[in-house]
Amino acid sequence: MMTEPTDPDDNPALDMASDNAATSRRGFLREGGALIGGAVLAGGLKGEAAAAGADNLPPNIPEWMKAPGDPMGGQPYGTPSPFENGVVKNISKNLKQYISASGRSPLGDLDGIITPNGLFYERHHGGVPTIDPEQHRLMLHGLVERPLVFTMEDIRRFPQQSRIHFIECSGNPAYTKPYGKTASDVAGLLSCAEWSGVSLKLVLQEAGLQPEAKWIVAEGADAAALTRSIPVEKCLDDAMLVYSQNGERLRPQQGYPLRLLLPGFEGNMNVKWLRRLKAVTEPAYSREETSKYTDLMPDGTAREFTFYMEAKSIITRPSGGQKLKQPGFHEISGIAWSGHGKIKRVDVSVDDGNSWQPARLQEPVLTRALTRFRLPWQWDGQPAVIQSRAIDETDYVQPTFAELLAARGENSFYHNNAVQPWRIDAQGQVTNANA
Amino acid sequence: MIAVVSGLPVHAQAETQLKENGRYGIGRTATPAEIAGWNIDIDRNGGNLPPGRGSVAHGREVFDQQCAACHGAKGEGGVGDQLVGGQGTIATPKPVRTVGSYWPYAPTLFDYIRRAMPQNAPQSLGNDDVYAVSAYILHLNGLIPADATLDAGALSAIKMPNRNMFVGDPRPDVKNPACVTDCAGKK
């Protein structure tokens, strides 16, 4: 019997038992060198690979130079090196069910700001449908001059735009223990891509919104027929109907063939497998925006329509589950983002929060997108606690976990954007300093 | 270099000329029958609820067959969410959020069950069955009597206990002073 006030599908507490061993191990091994990493990842080939490894090192000629490699055409759709097969989505093995469930991006193993399509986080409420785009339709009706039906071919005829934005699940993570071990455990319901599609405003203009239309109800063509209500102001601002992600058509897990994109709004509202938009005077008050995705406060009130994802950051390297193999130079690197616009500054502390210094922001710094930050660091081999805090262009400062708990208690579940501290022990092992 | 005529870049002029009455002319008109088939949203006041009716007694039969395996025989939860109980816990450190304790609007129950439940066969229940199973869940929560029958009017008239506990978004609600030096003593 569930006694916790949480959505079990969103609840990282249930996920933590998975330990995400594969990606943690890779992070550890990355510090130790690719050859050893490859050997261990290959499992049973350890002895053979280790022996071959010596033969492949200078001054010897590596075996892969002595014969031609794989011919063209063996892999019509490219996949990562077999030595990278530990870099996969972080999916708990202990969920109660997998139809309404989530899987996290392996943040600690990723560089830059773009999430590869195969590693983009997933959250679905009725499984992943297999939709034939020829048989998919988008219906636009309600308070419009002309109710319309679009084929996918129709949608692609509109002028196209491409923009880079993050999407983050609002339950990323909960406020309750256990707090997670890796960056993926803590913040992996977050990814960022270049999205291509059409401005929603253009499509709405095609139907002609009536003046009393204040909300648009969006519905997915999945087995949950997931429904969320979006203020019309957002729909006429930067909302998009998206059919491509990082240059290729959307993956089924991301809403193929069509999804809504609401930059900076909580992930659940970016309705996937989009089949219907209805213009109305007030929200639908659907199950997903009343019984779920509302933020419960200690006094029993619950915040509804909490759309924006506030500024947040996390150090991904070094991060939980990784290990610094030796003192000396280590670049601290992480990601920052804000639903309210561009990241203005990221401060990093390497002394348990006693002092903070600005990190360098990697260009490009884009609105409502991940921004990569970096800080060169000399680790002296002593225990340390490192953490980052983001400041966005509205001058909002990412709060500490203590500040959030003081304002919201620990049952609000959604919109936890707390500073994430990592503890490094004298052996270089990195763990969650909150745990 | 972008050529400019009449203050507009050429590509913007072309776009304006291509559109008739501000429209691209893409898509076709949706027929009333098409809209009726897909427009399944029920608003919080019960708007768009279909004809039909269902009793608590029949709802128990439907629930036992379609729902109990995941939600428990009495809605106590299992693989699926707990549906029953929790009233009086929402403002405590251990809140139990259920239909009875947390959901603000009863018509949402019909909307959600029809569109998404049972999870293995959504949109398979007839409207009478959806009314009935809604009635049974509301009865298990002590909100309607055992001999009740629900239709559009009766379902819309139910006042949920937690209805007035929802508020708007007050964020930003937390202010980090962004201390830079000697912060340990200021915690």
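Helices and strands are DSSP runs, with at least four residues (H or I) for a helix and at least two (E) for a strand, numbered from the N terminus.

**Figure 1. Chain A meets chain B.** In this predicted complex, 59 residues of chain A and 53 residues of chain B make up the contact. On the chain B side, β3 (28-29), α2 (32-38), α5 (107-116) and β6 (166-167) each contribute at least two residues to the face that touches chain A. The largest share of that face comes from α5(B), which gives five residues. By residue class, the chain B side divides into 26 nonpolar, 16 charged and 11 polar residues. For the complex, the predictor reports an ipTM of 0.92 and a pTM of 0.91.

**Figure 2. Strands pair across the two chains.** Strand β4 of chain A (residues 148-150) is joined to β3(B) by two bridges, and the strands run antiparallel.

**Figure 3. The largest nonpolar core.** This core has 135 residues, and A:Leu241 and B:Val133 are those with the most contacts inside it. Helix α6 of chain B (residues 127-140) gives the most to this core, supplying nine residues. A closer look at A:Leu241 shows which residues surround it: leaving aside those up to four places away in sequence, A:Leu241 touches A:Ile155, A:Gly197, A:Val198, A:Leu200, A:Val203, A:Leu258, A:Leu260 and A:Leu274. In soluble globular proteins, nonpolar side chains tend to be buried together.

Figure 4. Chain A holds nine helices and 23 strands, and 52% of its 435 residues count as buried. Of the contacts in chain A between residues at least 6 apart in sequence, 72% join residues at least 24 apart. Why is β16(A) (residues 328-337) described as largely enclosed by the rest of the structure? Because seven of the 10 residues of this strand are buried. Strand β15 of chain A (residues 312-317) pairs with β16(A) in the antiparallel sense over five bridges, and here A:Arg317 stands opposite A:Ser333 in β16(A). Strand β20 of chain A (residues 371-379) also pairs with β16(A), again in the antiparallel sense, over nine bridges. In that pairing, A:Ala336 stands opposite A:Thr371 in β20(A).

**Figure 5. An open sheet of five strands in chain A.** The strand order is β18-β17-β21-β22-β23, and the pairing is antiparallel. At the edges are β18 (357-358) and β23 (430-432) of chain A, each of which pairs on one side only. Further in, β21(A) and β22(A) (residues 422-424) are joined by three bridges in the antiparallel sense. A handy landmark is A:Ile386, whose bridge partner in β22(A) is A:Trp422.

**Figure 6. Two cis peptide bonds.** In chain A, the bond between A:Tyr256 and A:Pro257 is cis, with omega about 10°. A:Pro257 is located in the loop between β10 (248-249) and β11 (259-261) of chain A. In chain B, a cis peptide bond links B:Met117 to B:Pro118, with omega about -10°. B:Pro118 is in the loop between α5 and α6 of chain B. For background, most residues other than glycine have a negative phi, and most peptide bonds are trans.

**Figure 7. Positive phi in two loop residues.** A:Asp395 has a phi near 70°, a positive value in a residue other than glycine. You will find A:Asp395 in the loop between β21 (384-392) and α9 (401-408) of chain A. Is A:Asp395 buried or exposed? A:Asp395 is exposed, with 10 other C-beta atoms within 10 Å. On chain B, the phi of B:Asn48 is near 80°, a positive value in a residue other than glycine. B:Asn48 sits in the loop between α2 and β4 (54-55) of chain B. B:Asn48 has 15 C-beta neighbours inside 10 Å and counts as partly exposed.

**Figure 8. Confidence along chain B.** The mean pLDDT of chain B is 93, with 88% of its residues reaching 70 or more. Over residues 1-5 of chain B the pLDDT is below 50, and this stretch has five contacts in the model beyond near neighbours in sequence.

Key:
Residues numbered from 1 in each chain as written. Chains lettered and ligands numbered in written order. Contact = placed C-beta atoms within 7 Å. Nonpolar A, V, L, I, M, F, W, Y, C, P; charged D, E, K, R; others polar. Pairing = 2+ DSSP bridges. Core = buried A, V, L, I, M, F, W, Y, C linked by C-beta atoms within 7 Å. Buried ≥ 20, exposed ≤ 12 C-beta atoms within 10 Å, placed from the backbone. pLDDT = per-residue confidence, 0-100.
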